[in-house]
Amino acid sequence: MAEIPPSKMSHVTSPNEPFPSRDALDAATKSHTQNRFRISTRKLPISTSGVIDDLSARLGIPMPEMIFGDNLVSVTHLPSAWSISFNTPDALDAVDKTDRNMLKVAYARDWESTREGTTQKIKEVVKPYDWSYSTTYAGTVSPGTGDDGQQHAFKPSQAQIPIELLKRRDPILFFDEVVLYESELDDNGISIYSAKVRVHEHRMLLLCRLFMRLDNVLVRIRDTRIYVDFETEEVIREYTAKEASFEHVKRALRMQGHLPDDVTIGLRDPNTLDPLLSVVDHRTESLSFR
């Protein structure tokens, strides 16, 4: 990776600075207020080794190759101080810290099949945590307090995000994309958690996505969508987890008529792969401030 010149360090005064100062965090934060909601994003460079070591010690797992430990997306209801935010430490803290959901790369499976009955372990492949970094993170909620003194909380709901309204070409008042972490999975694929937010006059959508592709094994997408109607002050959170075997996805791309080079490109694009995956978990919650 190319060295980041000092002028591009996004308010970090020294590349050896262990933790950004409060002024640096504030300077790197962009905010937009729409009606009674404030939408904020923050993007800073890849975390320094001090931050990575501290985070690894706190969470109890090794960190991905690239973590943006101070990056953030948040939505705040100003009158009540309720908020939902997406941040790197909490996203990584939701990674399974046991071997229950451990994945193995394809060559490890082949290696094992030729050594059935042995007790020898593949130390370079099998790790005591979900090394694909397939977090189940759906945001960090600060409940705030309503006029009646009760805390606001999401409740299971049949509400649906109005996709057709979001497809309209209404002016975009605020837009940003933020990456929380990324790993190349020991050169066997990719795992990336990112967020994309766009705000219109009457509504907004925040999509936070885990995209994990373990070559020759599995493709996984976990989406959290936050929809806000600024007029009714209703907030909907929709979580959808999808996955399919790598071979199924590759075969589906070929059946669509993609040439080999196009298949390779498609395997890197979660938007292309999403329709090819099966839903394994789906839930919707909502809350209203009126």
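How many helices and strands does the secondary structure of the protein chain come to? I looked this up and noted eight helices and 13 strands, taken as DSSP runs numbered from the N terminus (helices H or I, at least four residues; strands E, at least two).

The model is predicted: local features need pLDDT of at least 70 and side-chain atom pairs pLDDT 80 or more, whereas totals for chains, interfaces and linings use all residues. Residues are numbered from 1 along each chain as its sequence is written, and side-chain values use heavy atoms, with hydrogens and water left out.

Sheet. I traced an open sheet of eight strands, with antiparallel pairing, in the order E3-E8-E9-E10-E11-E12-E13-E7; strands pair if DSSP finds at least two bridges between them. E3 (66-67) and E7 (155-156) stand at the edges with a single partner strand each, so one side of each lacks a neighbour in the sheet. Two bridges join E3 to the antiparallel E8 (residues 174-183), and I found Glu182 in E8 to be the bridge partner of Met66.

I recorded 49% of the 290 residues as buried (under 20% relative accessible area, 1.4 Å probe, protein chains only).

Leu92. Contact means heavy atoms within 4.5 Å. Leaving aside residues up to four places away in sequence, I listed Leu55, Ile67, Tyr133 and Tyr181 among those Leu92 touches.

Key: Buried < 20%, exposed > 50% of the residue type's maximum accessible area, 1.4 Å probe, protein only.
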